[in-house]
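Could you look over this one with me? Some notes follow, as numbered points.

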Amino acid sequence: MALKLREPEPVSVEMIVQALQSYHAQADVQPIREAYEFSAKAHAGQKRESGEPFLQHPLQVARVIVGLKLDVPSIVAGLLHDTLEDTEAPKAEIERRFGKEVADLVDGVTKIGKIQFRTREEKQAENFRKMLLSMSEDIRVILIKLADRLHNMRTLHYLPEEKQKRIAQETLDIYAPLANRLGIGWMRTELEDLCFRYLKPEVYNNLAKTVAQRQEVREKYIQEITRVIQTSLAEYGFKGQVLGRSKHLFGVYQKMERQGIPFEEVYDLAAVRIITDTKMNCYAILGMIHSLWRPVPGRFKDYIGVPRSNGYQSLHTTIVGPKGHHVEVQIRTEEMHNVAEEGIAAHWRYKEKGQIDQKTDRVFGWLRQLVEWQQDLADNRQFMDSVKMDLFPDVIYVFTPKGDVKELAKGACPIDFAYSVHTEVGYHCVGAKVNGKLVPLRTLLKSGDSVEITTSPNQTPSKDWLKWVRTARAKTKIKHWIKTEERIRSLDVGEKLLDRALHRHNLSPTEAFKPERMALLTQVFGLATPEDLLVAIGYGRITTEQVIRALQPADALKEGLADQPIRKIGIRPPGVQIKGIGDLLVHLSKCCNPVPGDPIIGFVTRGRGLSVHTVDCPNIDELDYDKDRIVDVNWDAKDTTPYSVKITVLTVDRPGMLASVSAAITSSKTNISHADITTSEDKRAALNFVVEILNAGHLEKVLKSVEAVDGVVQAKRVRPG
């Protein structure tokens with residue numbers, strides 16, 4: 001179904017100038033007119049997919065920027081933001097004409113268009129890394145980027161459907177949560193509704209139609225409540241403006257999905273906002289509201305006493321209004337309202353290099369954490385997972401012993417809290433008190449908990465911590481610590497192993513460890529430094545025998561021993577192939593028991609060789625901390641070795657079932673090496689078998705044959721643990 005959207009009205013440079021002067025009367029507007037002329041010349045002849053001149057895009061972006069009440073350099077950068085990417089205009093020319101500040105802003109916003117990445121996920125991650133680094137230097141970069149994305153979303157209907165969905169998903173994953181984190185409420189809701197439109201068009205249109213049909217009734221209802229509140233405010237002598245509003249469509253859809261309810265059961269579609277003069281009156285008006293209507297238990301939130309991390313402050317309560325309908329009421333001051341609508345833009349201070357005041361800098365400390373994580377995480381998938389985890393604000397608020405508030409992800413434990421205080425506190429966390437009582441480190445924290453951490457210089461992070469922590473910061477720091485420690489230990493082990501091997505072959509360690517010889521060896525094995533070579537030996541990725549052979553006459557070196565073809569490993573299991581690794585001990589991991597046909601990866605372990613796991617093994621997250629030890633492996637298609645797999649068959653409990661199921665298994669040319677049976681009081685039986693199969697396809701055939709037996713309820717593969 002085609003989506004009909006209202007086109008953004010055309011914008012002129014004079015409209016931008018007038019909007020700027022409405023909040024900054026003494027602003028120098030000449031750079032804006034010059035930027036407009038420069039952009040018009042740079043984009044001359046270019047058209048958008050809609051057919052309109054490309055120049056309208058930077059003008060529309062500039063209009064969003066003045067709507068955020070930003071400064072002149074931001075507006076100028078908005079007008080120029082596509083000139084580096086889409087035209088021949090060099091950065092030096094922009095810097096010469098408009099100054100370094102504007103040139104840096106434009107460069108920060110420019111997409112990475114010329115770098116080739118292997119996957120779309122990597123390109124997205126690299127774009128976001130660059131954006132984070134630019135944000136950390138000047139927060140205006142992301143505000144301009146958000147303005148750019150907003151106009152692109154408003155005109156997305158001109159693009160092919162595949163691009164619409166890709167851009168909408170990226171916007172919902174990254175840009176809408178960013179707008180929320182930056183506190184720009186109106187932009188977040190518009191982006192979410194636009195994304196909803198393209199990602200689920202039928203659901204969106206049906207919901208929009210249903211909401212529109214009830215719009216008149218809902219507006220009358222909101223007006224009725226608003227009149228009662230206005231009358232009561234005047235009666236009690238409170239200053240206050242009362243605004244009624246309807247919840248945005250994506251918010252309604254999320255509630256329906258989250259609670260599994262139809263539209264008819266979403267009661268709090270109506271919302272009322274009261275804007276008053278003082279913080280004290282916010283609480284007084286809350287009491288007045290609760291005297292007029294009964295509050296819904298558990299639905300009161302005090303974001304004034306405990307603000308959100310993006311600076312948002314307001315009192316939230318839900319009341320049972322006339323006719324029994326739920327209505328959300330928000331109470332805040334004018335200043336709080338400005339922050340809620342404009343976010344960081346409301347905190348703006350005209351300072352050098354786009355800096356913001358100290359209070360706001362503390363509020364947006366999460367940005368520095370994101371920048372810190374991107375430096376620690378080389379893997380793009382981990383990085384994007386960490387970013388998304390932090391951007392979606394499903395949070396709790398806990399207190400330090402001094403009463404400071406810490407915002408943590410829901411499901412966080414004391415270890416997460418320790419890392420939020422300081423990295424070193426996290427590293428050496430040995431115990432925790434919650435509300436004065438000693439608790440295990442894996443205890444789930446709740447909003448309002450007071451947490452005290454005990455540390456010890458002898459304590460270091462454990463791999464088990466990765467099973468308990470929830471926050472991206474804690475996960476990143478723990479993995480970084482483990483990887484660093486593993487590398488240090490592997491370096492020491494590798495050096496000792498190579499030294500022993502050299503003595504065993506009557507070769508001189510002094511000669512072998514000479515810089516020029518080690519440099520040549522690292523080149524042979526495709527590594528960056530001699531240290532990497534020793535670490536690889538310590539990990540077990542390279543054997544000392546390979547190194548000894550490479551240290552033989554020069555003709556051996558020329559053969560490039562590191563570039564071995566894929567070869568079958570001579571030690572069990574025989575059906576696994578590994579590229580570029582010599583005779584390692586290889587074993588199938590017992591935690592997931594892979595069989596041929598399962599997607600697999602290998603993980604190098606010291607002393608135990610290479611363990612092979614399925615890609616969906618529950619322990620993979622624990623192995624993710626060190627990508628250097630992950631090895632590409634695959635199954636040998638020619639392998640005919642049988643593999644033992646446990647299956648369980650749920651049946652009705654009647655005579656002959658064991659014989660019938662056993663016959664179905666053997667009819668699939670499958671040997672049964674073990675069988676047992678258990679029965680229950682509800683006339684059901686569980687038949688457990690260990691069968692020998694060739695691959696996953698063979699196993700699937702066995703299970704289908706068993707499920708075809710009369711009386712069998714279910715047959716499935718059993719994973720260890």
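**Notes on the model**

1. Leaving aside its neighbours within four places in sequence, E192 touches L172, A176, H248 and F250. Keep in mind as you read on that this is a predicted model.

2. Is E192 buried or exposed? It's buried, at a relative accessible area of 7%, where the cut-off for buried is under 20%. As for where it sits, E192 belongs to helix α11, which spans residues 185-199.

3. Now the nonpolar cores. The largest has 69 residues, and I32, L80, I94, M153, M187 and L207 are the ones with the most contacts inside it. Apart from that one lies another core, of 31 residues, including I600, V604, W635 and L687. As general background, nonpolar side chains in soluble globular proteins tend to be buried together.

4. M153 deserves a line of its own. With its neighbours within four places in sequence left out, M153 is in contact with I167, A168 and T171, and also with L191, L194, C195 and Y198.

5. Helix α25 covers residues 515-524, and its buried residues are M518, L521, T522 and V524. Why do these count as being on the same side of α25? Because they cover an arc of only 155° around the axis. P515, E516 and Q523 are exposed on the other side of α25. In general, an α-helix has 3.6 residues a turn, so residues three or four places apart point the same way. After α25 comes G526, with a positive phi near 70°.

6. Next, the open sheet: four strands in the order β20-β21-β19-β22, with antiparallel pairing. β20 (671-679) and β22 (712-717) are at the edges with a single partner strand each, so one side of each has no neighbour in the sheet. On average, and ignoring direction, neighbouring strands here are turned by 20° against each other.

7. Zooming in on one pair, β20 and β21 (residues 684-693) run antiparallel to each other over eight bridges. Within β21, V690 is the residue that stands opposite H674.

8. Which helices pack on this sheet? One is α30 (residues 657-666), which touches β19 (643-652), β20, β21 and β22, and its direction makes about 25° with that of β21. Another is α31 (residues 696-707), which touches β19, β21 and β22, and its direction makes about 165° with that of β22.

Conventions. Residues are numbered from 1 along each chain as its sequence is written. This is a predicted model: local features need pLDDT of at least 70, side-chain atom pairs count only at pLDDT 80 or more; totals for chains, interfaces and linings use all residues. Side-chain values use heavy atoms; hydrogens and water are left out. A nonpolar core is a set of buried Ala, Val, Leu, Ile, Met, Phe, Trp, Tyr and Cys residues joined through side-chain atoms within 4.5 Å. Buried means under 20% relative accessible area, exposed over 50%, partly exposed in between (1.4 Å probe, protein chains only). Contact means heavy atoms within 4.5 Å. Helices (H or I, at least four residues) and strands (E, at least two) are DSSP runs, numbered from the N terminus. The arc is that of the directions from the helix axis to the C-beta atoms. Two strands pair if DSSP finds at least two bridges between them. Axes are lines fitted to C-alpha atoms, for helices over the stretch in contact, and angles run from 0 to 180 degrees between N-to-C directions.
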